[in-house]
Amino acid sequence: MITRGETTRVRRVCVAAWGGAAVSWELSTPGMLVPSLATCAAFLLLATGCALHIRRGLLAELRRSQEIAGAAQRALLRPLPGRIDGLALAAAQLSASRGAAVGGDLYEAVPTAHGIRVVIGDVRGHGLPALGAAAAVLGAFREAAYDEPSLGGVLRRMERALGRHVRDRARAEHPSACPAEPESPAAEEFVTVLLLQIAADGALRALNCGHPWPYRIRPDPVPEPCAAGSRGSAPDPASRRRPAGLDPAPGTGERSPQPAMDVRPLGGETLPPLGVVPLPPALRARACGELRPGETLFLHTDGAEDARDPAGRFFPLRSVLARAPLTPARLVAGVHEALLRHTGGRLADDVALLVLRNDR
């Protein structure tokens, strides 16, 4: 994709090359100085007009490329609704490729008869080259999530879709040699996938294929002050210390209380990524507890935790989540802002974030 900065550089190079050639030619030929300078000025005006014409063409191409990229992003990562069956949602994606609006990260959430089914995944590589595999896997999920009674069935159909994509891409890369199972760099393509199912009572079930586990965020329980000694005695001053993460109470001239967030990752068995080895014959989703009312799930790709600053330090995702607001949209925006600030705006990998809060 052509960027505005590249357009400016092309224009400057054209003007400088044309003007330099004209001036060199006129000053190197014998003749009077004034007519030569006039000829140089005419050449420079002509070069400027050509550069402006090229600039308009490049800007039009840039606008068309941006419109195509935006349409591809909306088709692949459709905007999620703000609420599904009592869950508040927010999601966003950042591409590491310069000038690209989409990449190899994918996410989706759909309401089904079996509960809300959610997927988040990360294709090997980043940027536009990973777009095909992401589209194949995400398309299979959107179909299978409604039809398959189990998460294992959904995952198998996603695996088959990825296998078809890899074979078709390999045949396209090597049309002269097209065996039944072609081998090519595309055969090394794999996808990390996390499938979640949230039942009506908040019960969580998951299948994880090499993907980072999500974080569950909930307010830390605040212990009640305990009275020391017999009934009616004054409480122990030590028991009246402010719990960690709370600001002073209102009316004291200080900030209002803000509860600390308890941030813990979900855990369980992790399978290899899709495309590395075949899925096992028996696929059973694992119970991962409950998403109670008021609790939040933060799903992400590994580009978030693996992001580094110029000094090589990893992004402190868990500590950022502990200080972030629980509103899904503000949480996504805050993490993205912290990521860009931490990396100086230079991401090494695509990043996708998906937040779900139980408002039932």
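Predicted model: local features only at pLDDT ≥ 70, side-chain atom pairs only at ≥ 80, totals over all residues.

User: What makes the length of H7 agree with that of a helix?

Analyst: Helix H7 covers residues 328-343, which is 16 residues. The expected span is 1.5 Å times one less than the number of residues, so H7 should span 22 Å. Its end C-alpha atoms are 23 Å apart, which agrees.

User: Which residues of H7 are buried, and how do you know that they line one face?

Analyst: The buried ones are Pro328, Leu331, Val332, Val335, His336, Ala338, Leu339, His342 and Thr343. Seen down the axis of H7, they fall within an arc of 165°, so they line one face of the helix. The face turned away from that buried side carries the exposed residues Arg330, Glu337 and Arg341. As for neighbours, the buried residues of H7 pack against several elements, among them strand E2 (87-94), helix H6 (317-323) and strand E11 (351-358). After H7 comes Gly344, with a positive phi near 70°.

User: What makes E3 and E9 edge strands?

Analyst: The open sheet has five strands in the order E3-E4-E5-E6-E9, with antiparallel pairing. Strand E3 (105-112) and strand E9 (286-290) each pair on one side only, and that makes them the edges. On average, neighbouring strands of this sheet are turned by 20° against each other, direction ignored.

User: How do you know that E4 and E5 pair?

Analyst: Pairing takes at least two bridges between two strands. Strand E4 (residues 115-123) and strand E5 (residues 191-198) are joined by eight, so by that definition they pair, and they run antiparallel. Val119, for instance, has Leu195 in E5 as its bridge partner.

User: And what links E6 to its neighbours?

Analyst: E6 pairs with E5 over six antiparallel bridges, and Leu194 stands opposite Asn208 in E6. E5 and E6 form a hairpin with four residues between them, where Gly202 in the turn has a positive phi of about 90°. Three bridges join E6 to E9, again antiparallel, with Ala203 opposite Glu290 in E9.

Notes
Residues numbered from 1 in each chain as written. Heavy atoms only, no water. Helix = DSSP H or I, 4+ residues; strand = E, 2+ residues; numbered from the N terminus. Buried < 20%, exposed > 50% of the residue type's maximum accessible area, 1.4 Å probe, protein only. Arc of directions from axis to C-beta. Contact = heavy atoms within 4.5 Å. Axes fitted to C-alpha atoms, helices over the stretch in contact; angles between N-to-C directions.
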